[in-house]
Amino acid sequence: MSEQYEVVIIGGGAAGLNAALVLGRSKRNVLVLDENKARNNVTKASHGYLTRDGVKPEEFKGIGISEINAYPSVTYKESKVTSLYKEEGLFHIQGDERHYTAKRVIVATGMKDSLPNIKGIHDVYGTTVFHCPYCDGWERREEPLAVFGNDPGLMDYVKLIYNWSQDLIVFTNGPAQISEDEKKDLKLHSVKLIEEPLRELVSVNGDLKEVIGASGEVYDRSGGFILDTSEAQSFPLHEYFDIEFTEMGGYYTKEGCETLVEGLYVIGDSRHGFSGLLKAASEGYELAVALNHELAVNEWGKRG
Ligand SMILES: Cc1cc2nc3c(=O)[nH]c(=O)nc-3n(C[C@H](O)[C@H](O)[C@H](O)COP(=O)(O)OP(=O)(O)OC[C@H]3O[C@@H](n4cnc5c(N)ncnc54)[C@H](O)[C@@H]3O)c2cc1C
């Protein structure tokens, strides 16, 4: 037996929950299936979302779930989606224990990060070492910071982090992939470059204390930023449908968030690689408005 909904939303982060909120307020019969493992769960606080600056991720989510639960046509279930296919115009969605169908599916499953292979990095990621300076740069301002990274975006990233602290050491964990002129540029800005492989990061209760090189050299640092967290899609939509990736690792959609599969939409981090909470939520809002409008116009046509 399958349960039928007008819209099934896979993923209950800022993007999926905001879509559910607006669809619920539009009296739409909506199911949210959410594994509840958002990528920012590692942090103690989220920033930059007006009225929620500094809120814990689980508190943000708790408020979201209680708000959508106020609308009787919305159902939230903690459940991992394990398969998705379309047959005769209807999507079939398999949750942990049940099977669901809907004419429209919104994928809002976000991304997952893989940190560089440096001993001790998992102990500090989300507490004193981060990826996004707009999310966590203010809390680390003027501190002695480490920048970890070694890909073509490195110089640009260093210039950005320098905005929050000028006491920077760049660790490339191997020969730096930047030009001699760029090395000189770092020196000119008193930014140290350490190319030797790293042995480990030493921390106490998540607070970074030292970065130790393979030679045993110790660098005192109290926080840092990681350029590349090798993010990947949390939900393998591309295994179920022929969907291309964007340069940022997001799923390609047309304007309006619909993929090339009719009725299948992608919003939030899954679409952008990294959208931030506010953009994810606003995309959920915008898509819900567009979907409800389309449904309302269709229904009007059928009743006339
Ligand atoms: C360390 C860190 C700190 C951050 N700090 C900030 C910050 O301060 N401010 C800010 O604006 N942004 C911050 N971000 C970015 C922010 O977390 C994301 O941009 C935002 O969460 C994206 O929202 P989303 O709804 O697209 O995805 P998510 O919030 O990741 O939600 C996706 C949901 O889908 C679920 N899901 C995945 N696969 C399945 C499946 N198969 N079945 C069912 N459910 C599934 C997940 O478990 C999750 O609950 C931070 C990110 C990180 C990594």
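Predicted model: local features only at pLDDT ≥ 70, side-chain atom pairs only at ≥ 80, totals over all residues.
Residues are numbered from 1 along each chain as its sequence is written, and side-chain values use heavy atoms, with hydrogens and water left out.

**Overall make-up**

The protein contains nine helices and 17 strands, and its C-alpha atoms fill a box of roughly 75 × 35 × 30 Å, taken along the principal axes. Of its 304 residues, 48% are buried, where buried means under 20% relative accessible area, exposed means over 50% and partly exposed lies in between, with a 1.4 Å probe and protein chains only.

**Strand β10 and its neighbours**

Strand β10 (residues 168-171) points Leu168 and Val170 one way and Ile169 and Phe171 the other way, and all of these residues are buried. On one side, strand β9 (residues 145-148) pairs with β10 in the parallel sense over four bridges; Ala146 has Ile169 of β10 as its bridge partner, and Phe148 stands opposite Phe171. Strand β10 is also joined by three bridges to strand β11 (residues 192-194), and these two strands run parallel, with Leu193 of β11 as the bridge partner of Val170.

The chain then crosses from β10 through helix α6 (residues 180-188) to β11 in a β-α-β crossover that is right-handed.

Elsewhere, β2 is joined to strand β3 (residues 74-78) by five bridges, and the two run parallel. Leu31 has Thr75 as its bridge partner in β3, and β2, α2 and β3 make a right-handed β-α-β unit.

**Aromatic pairs**

Rings of Phe, Tyr and Trp (its six-membered ring) pair if their centres lie within 6.5 Å, and planes under 30 degrees apart count as stacked, over 60 as edge-to-face and the rest as tilted. A search of the whole structure finds nine aromatic pairs, including the edge-to-face pair of Tyr49 and Phe60, whose ring centres are 5.1 Å apart with planes at 80°. This pair links distant parts of the chain, eleven residues apart, with Tyr49 in the loop between β2 (30-34) and α2 (57-69) and Phe60 in helix α2. Both Tyr49 and Phe60 are buried.

A further edge-to-face pair is formed by Tyr134 and Trp164, with ring centres 5.4 Å apart and planes at 90°. Tyr134 lies in helix α4 (residues 133-136) and Trp164 in the loop between α5 and β10, so the pair ties together parts that are 30 residues apart in sequence. Tyr134 is exposed, with a relative accessible area of 60%, whereas Trp164 is buried, with a relative accessible area of 13%.

**Ligand surroundings and a histidine contact**

There are 37 residues around the ligand (a heavy atom of the residue within 4 Å), and Asp34, Lys37, His47, Asp269 and Leu277 come nearest. Some of the distances between ligand atoms and protein atoms are set out below.

| Residue | Protein atom | Ligand atom | Distance |
|---|---|---|---|
| Ala15 | polar backbone atom | oxygen | 3.0 Å |
| Glu35 | polar backbone atom | nitrogen | 2.9 Å |
| Lys61 | side-chain N or O atom | oxygen | 3.3 Å |

A polar contact is a pair of N or O atoms within 3.5 Å; within protein, one must be able to donate a hydrogen and the other to accept it, and residues adjacent in sequence count only if both atoms are side-chain atoms. Such a contact, of 3.2 Å, joins the side chains of His92 and His99. His92 lies in strand β5 (residues 90-94) and counts as buried at 12% relative accessibility.

Terms used:
Pairing = 2+ DSSP bridges. Right-handed = clockwise from strand over helix to strand, strands pointing away.
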